[in-house]
Structure formats: C-alpha cells, structure tokens
Amino acid sequence: MPRYFAAVVAITCWMGVSIQFAASYANIGDVTGTLWVILRFFTIITNLLVAIAMTLVAVGRPLGPVVLGGLTMALALVGIVFAVLLEGLKPLGGAAAVADFLNHKASPVLMTLWWLFFAPRARLAWSAPLIWAAYPIAYFAYALARGQADGKYPYPFIDVAKLGWSQTLLNAGGIALAFLIVGTLVVAFERWRHGGKLKRR
C-alpha cells in the first residue's frame, strides 16, 4: 500500500509539472525558455523533487525519513503559502487552472497523507527542521539572484523592486520562522506518537 500511494503522489506531481510546462510552452513556444520560466518557481521545483522522490519510493527505492520529512514540509509550505498569500491573485483557465490545482492543492494534501500514514517513523532528530529549512532558504537566495539579474520575481511577497529589501527580508524571515516552528511541532508530534523514542542517523 505505501508504494501504491507513493505512485499516486508521484503521478499527481508529474502531471502537475507536465501540464504547467505545456501551458507555459503554448505561450512561449520554446523549450529552453519555458524551462527557464517555470523553474523560477518554488512550487514547480518542489513538485518536481517530490515527483522524483516518490517515483523512487514507488519502485522500491526507499528514502530516509529526513529526506521524506523535508520534502513533505516543503510541499506543505507550497500549499499553505498559496492558500494564505497567493490564491486568487491571478485568474486562470484551461490547462493552467488544472496545473494550479494539482501543484498547489492536490499534491501537498496527498504527500502529507502519505507521510502521515506510510513514512518511516520515530527517526527524526530535533535538528531536522534546521536541515529542512536549508532548502527554502537556498531557494530564496536563488530567486533573489534571478530577480536581480532580470528584474522578475516569482512571488509578490519577495518582489524587491516593489517592496524594497527590508520588507522582502521581513516577509522571507516570517515564512522561514513559521516553517521552523511547524517543523519543530512535527518532530515533537512524531516523538510523542512513538513514546518519545528517537533514532538518530
């Protein structure tokens, strides 16, 4: 059952990324240009990473609990930030709307459910949230570097050109802090659910 459900998660993520690529390609008309545009977004990169990881799990190549927990946290961040800050800002239709649903709603829910019911248990250290936070922090630096290079920022809450550096860093810091708090709560929940047992790797 864990592998079958992992396959469902993987297929959902692959479909979301593929449909988004097709929708963007229809407007851009160039493969390289399309990849350059869609790989600007945390949503696409994260769904792609989860698609690869869950494909490996589905074919019997298990991944470590820290990796799985980090990917789940990152994809949950996609869903939460979209619901709180981004939903409804840009009207979508057709394939773009389908991709939007798969990438921002379906995949975060499915990955969270897989992690809750099927992921390896009782193997998270208190340092796990710091390890998980490295990915969104690295993405933030990447997004800002791209924005500084071409003047295009993927999300309005990190648009330095409109917000300025102080507000942008404040927004990013708030998201990072929330990510760390939720990550710590996840570790605490896991340890409580398994009687305080903790296996370190």
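Reader: Which hand does the crossing of α3 and α6 have?
Author: In this predicted model, the crossing of α3 and α6 is right-handed.

Reader: At roughly what angle do the axes of α3 and α6 cross?
Author: Roughly 140 degrees. The two axes come within 11 Å. That angle makes α3 oblique to α6.

Reader: Which residues make the contact?
Author: From α3, Phe42, Ile45, Thr46 and Leu49. From α6, Tyr135, Pro136, Tyr139 and Tyr142.

Reader: And by class, how do the residues of the contact of α3 with α6 divide?
Author: There are 7 nonpolar and 1 polar, with no charged residues.

Reader: Stay on α3. How many of its residues are buried?
Author: 12 of the 17 residues of α3 are buried, so the helix is largely enclosed by the rest of the structure.

Reader: Which ones are the buried residues of α3?
Author: Phe42, Thr43, Ile44, Ile45, Thr46 and Asn47 are on the list.

Reader: What do the buried residues of α3 pack against?
Author: Helices α1, α2, α4, α5 and α6. Helix α6 covers 128–150.

Reader: How far apart are the end C-alpha atoms of α3?
Author: They are 24 Å apart. Helix α3 runs over residues 42–58 and should span 24 Å at 1.5 Å a residue, which agrees.

Reader: What follows α3?
Author: Glycine 60, with a positive phi near 95 degrees.

Reader: Now α4. How many residues does it have, and how far does it reach?
Author: Helix α4, residues 65–86, has 22 residues. From first C-alpha to last, α4 reaches 30 Å, close to the expected 32 Å.

Reader: Which glycine follows α4?
Author: Glycine 88 follows α4. The phi of glycine 88 is positive too, near 85 degrees.

Reader: Switching to α6 and α7. How are they oriented to each other?
Author: Their axes cross at roughly 165 degrees and come within 9 Å. Helices α6 and α7 are therefore roughly antiparallel to each other. Helix α7 takes in residues 160–193. The crossing is right-handed.

Reader: Which residues in α6 meet which in α7?
Author: On the α6 side, Ala128, Pro129, Leu130, Trp132, Ala133, Pro136, Phe140, Leu144 and Gln148. On the α7 side, Val160, Trp165, Thr168, Leu169, Ala172, Phe179, Leu180, Gly183, Thr184, Val186 and Val187.

Reader: How many charged residues does the contact of α6 with α7 have?
Author: No charged residues. The contact has 16 nonpolar and 4 polar residues.

Reader: Back to the start of the chain. At what angle do α1 and α2 cross?
Author: Roughly 125 degrees, with axes that come within 9 Å. Helix α1 spans residues 2–28 and helix α2 spans residues 31–38. The two are therefore oblique to each other. Their crossing is right-handed.

Reader: What makes the contact of α1 and α2?
Author: Gln20, Phe21, Ser24, Tyr25 and Ile28 come from α1. Val31, Gly33, Thr34, Leu35, Val37 and Ile38 come from α2. By class, that contact has 7 nonpolar, 4 polar and no charged residues.

Reader: Take serine 24 in α1. Buried or exposed?
Author: Serine 24 is buried, because its relative accessible area is 11%, under the 20% cut-off.

Reader: What does serine 24 touch?
Author: Thr34 and Ile38, not counting residues up to four places away in sequence.

Reader: Next, asparagine 103. Where is it found?
Author: In helix α5, residues 94–118. Asparagine 103 is buried, with a relative accessible area of 2%.

Reader: What is asparagine 103 in contact with?
Author: Leaving aside neighbours within four places in sequence, its contacts are Cys13, Gly16, Val17, Gln20, Thr43, Ile44, Asn47, Val78 and Pro108.

Reader: And leucine 102: buried or exposed?
Author: Leucine 102, also found in α5, counts as buried at 11% relative accessibility. Leaving aside neighbours within four places in sequence, leucine 102 is in contact with Thr12, Met15, Gly16, Ile19, Asn47, Ser107 and Pro108.

Reader: Last one. How many Å separate leucine 102 and leucine 185 in space?
Author: 26 Å, C-alpha to C-alpha. In sequence, leucine 102 and leucine 185 are 83 residues apart.

Terms used: Residues are numbered from 1 along each chain as its sequence is written. This is a predicted model: local features need pLDDT of at least 70, side-chain atom pairs count only at pLDDT 80 or more; totals for chains, interfaces and linings use all residues. Side-chain values use heavy atoms; hydrogens and water are left out. Axes are lines fitted to C-alpha atoms, for helices over the stretch in contact, and angles run from 0 to 180 degrees between N-to-C directions. Helices (H or I, at least four residues) and strands (E, at least two) are DSSP runs, numbered from the N terminus. Angles under 35 degrees count as roughly parallel, over 145 as roughly antiparallel, 65 to 115 as roughly perpendicular and the rest as oblique. A crossing is left-handed if the near helix is turned anticlockwise from the far one by less than a right angle, and right-handed if clockwise. Contact means heavy atoms within 4.5 Å. Ala, Val, Leu, Ile, Met, Phe, Trp, Tyr, Cys and Pro count as nonpolar, Asp, Glu, Lys and Arg as charged, and the others, Gly among them, as polar. The expected span of a helix is 1.5 Å times one less than its number of residues. Buried means under 20% relative accessible area, exposed over 50%, partly exposed in between (1.4 Å probe, protein chains only).
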